[in-house]
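Take a look at the model before reading on.

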Amino acid sequence: MTTLRPVALLLALLLASAQTGSAAEPRTSTFDRNADSWGLWGDSEWRHVAGLGHAAPGCLMLSGAIGKQITAHRSFEVSPGRYLVTAWLRAFNVQEGAYNQSIWIFNNGNGTETTVVRDLKGTFDWSEVRFTMDVPEGRTNATVWIRLKSPGSLWIDDVTVTPYD
């Protein structure tokens with residue numbers, strides 16, 4: 001009977017932490033069922049693709065055209081600190097855009113826009129993009145943007161924001 005008490009206590013603590021959550025826990029967008037709280041902005045096309053994804057079926061697809069752009073963006077609730085942001089991208093025939101801006105990834109963790117990359121192009125299978133994002137004291141959220149600024153197709157999946165040590 002005494003061995004059940006520690007197990008029950010551990011289970012109760014796990015359930016309580018799962019219900020309350022904290023800004024230090026990983027935040028993940030899998031797109032398995034829908035656009036998963038991501039905002040979409042621009043004058044080009046996007047859609048949820050149910051049968052395709054990096055780890056499981058479901059991803060977000062952005063389609064670019066000449067002179068048009070489309071941006072997927074999401075604000076994540078975070079505490080001050082450093083975060084590792086990972087995203088899985090797949091591209092088909094993404095051309096060089098104006099000013100060499102094709103696939104542009106940026107964030108505002110520190111309150112100002114920080115470009116991670118802005119010249120990804122071409123055709124590639126699922127590839128992981130990783131970068132760190134600093135969030136200063138006083139901020140409670142940070143936004144990640146993934147923008148397609150040229151003709152081509154871009155699939156996005158499994159975007160995660162995790163505390164980084």
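Predicted model: local features only at pLDDT ≥ 70, side-chain atom pairs only at ≥ 80, totals over all residues.

Residues are numbered from 1 along each chain as its sequence is written, and side-chain values use heavy atoms, leaving out hydrogens and water.

Q: How many salt bridges does the rule count?
A: The rule asks for a side-chain nitrogen of Lys or Arg within 4 Å of a carboxyl oxygen of Asp or Glu. By that rule, the count is 3.

Q: Which strands does the pair D134 and R82 link?
A: Their side chains form a salt bridge, 2.7 Å from N to O. The two residues sit 52 apart in the chain. Strands are DSSP runs of E, at least two residues, numbered from the N terminus. D134 belongs to β9 (residues 122-135) and R82 to β6 (residues 81-94).

Q: Is D125 buried or exposed?
A: D125 bridges to R90 at 3.8 Å, N to O. Buried means under 20% relative accessible area, exposed over 50%, partly exposed in between (1.4 Å probe, protein chains only). R90 has 25%, so R90 is partly exposed. D125 has 53% relative accessibility, so D125 is exposed.

Q: What is the relative accessibility of E128?
A: E128 pairs with R130 in a salt bridge, with the closest N and O atoms 3.7 Å apart. E128 counts as partly exposed, because its relative accessibility is 36%.

Technical notes. Helix = DSSP H or I, 4+ residues; strand = E, 2+ residues; numbered from the N terminus.
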